[in-house]
Amino acid sequence: GGWRGAGGFVQYFNFSNYSAVVEKLDKLHEDAWFDLRQGSLTLDSLFYNGNLQSFLHISFTFEHDFAGKTKVLVEASQLDLTLHDSASAQAWVRFATYVLILGLFLYFVRQ
């Protein structure tokens, strides 16, 4: 468990039920999850855009040091589902390029 396999505690939220989210956040606050004595806190979100056919993963990481200073990191990565669409010619060119690169790599490794 934990964020990126680093250990820790994980909580999942279903944002379709607002009152359940608020209740869970209140419970976490009562249990002292939001405290500067913690090492870090990461919030992950996954979004899907049907118009673009892509997923977007965003993570907000709050890292705390012992002096009380908080460092905020924001990371985002996109997964485009149309990148390897077999109906497009561009995808076949990309696939052929992958095969060529892999073939050249194996050729030069054997040399």
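## Figure legends for the predicted model

**View 1. Accessibility of D31 in the predicted model.** D31 has a relative accessibility of 42% and therefore counts as partly exposed. The coordinates shown are those of a predicted model.

**View 2. The salt bridge between D31 and K27.** The side chain of K27 meets that of D31 in a salt bridge, with an N to O distance of 3.5 Å. Side chains of opposite charge can pair when their charged atoms come close. K27 is likewise assigned to the partly exposed class, because its relative accessibility is 46%. The count of salt bridges comes to one.

**View 3. Charged side chains of the protein chain.** The protein chain carries 11 negative and 8 positive side chains. A distance of 9 Å separates the centres of the two sets.

View 4. Three strands and two helices make up the elements of the protein chain, and their order from the N terminus is α-β-β-β-α. The protein chain is more spread out than a compact globule, because its radius of gyration of 21 Å is well over the 13 Å that the globule rule gives for 111 residues. Along the principal axes, the C-alpha atoms fill a box of roughly 60 × 40 × 25 Å.

View 5. Among the 111 residues of the protein chain, 8% count as buried. Of the contacts with a separation of 6 or more, 26% are between residues 24 or more positions apart. The accessible surface amounts to about 9400 Å², and carbon and sulfur atoms contribute 61% of this surface.

Technical notes: Residues are numbered from 1 along each chain as its sequence is written. This is a predicted model: local features need pLDDT of at least 70, side-chain atom pairs count only at pLDDT 80 or more; totals for chains, interfaces and linings use all residues. Side-chain values use heavy atoms; hydrogens and water are left out. Helices (H or I, at least four residues) and strands (E, at least two) are DSSP runs, numbered from the N terminus. The radius of gyration is taken over C-alpha atoms; the globule rule is 2.2 Å times the number of residues to the power 0.38. Buried means under 20% relative accessible area, exposed over 50%, partly exposed in between (1.4 Å probe, protein chains only). Contact means heavy atoms within 4.5 Å. Accessible areas come from the Shrake-Rupley method with a 1.4 Å probe; for residues, only the protein chains shown count as cover. Lys and Arg count as positive and Asp and Glu as negative; His and the chain ends are not counted. The place of a charge is taken as NZ of Lys, CZ of Arg, CG of Asp or CD of Glu. A salt bridge is a side-chain nitrogen of Lys or Arg within 4 Å of a carboxyl oxygen of Asp or Glu.
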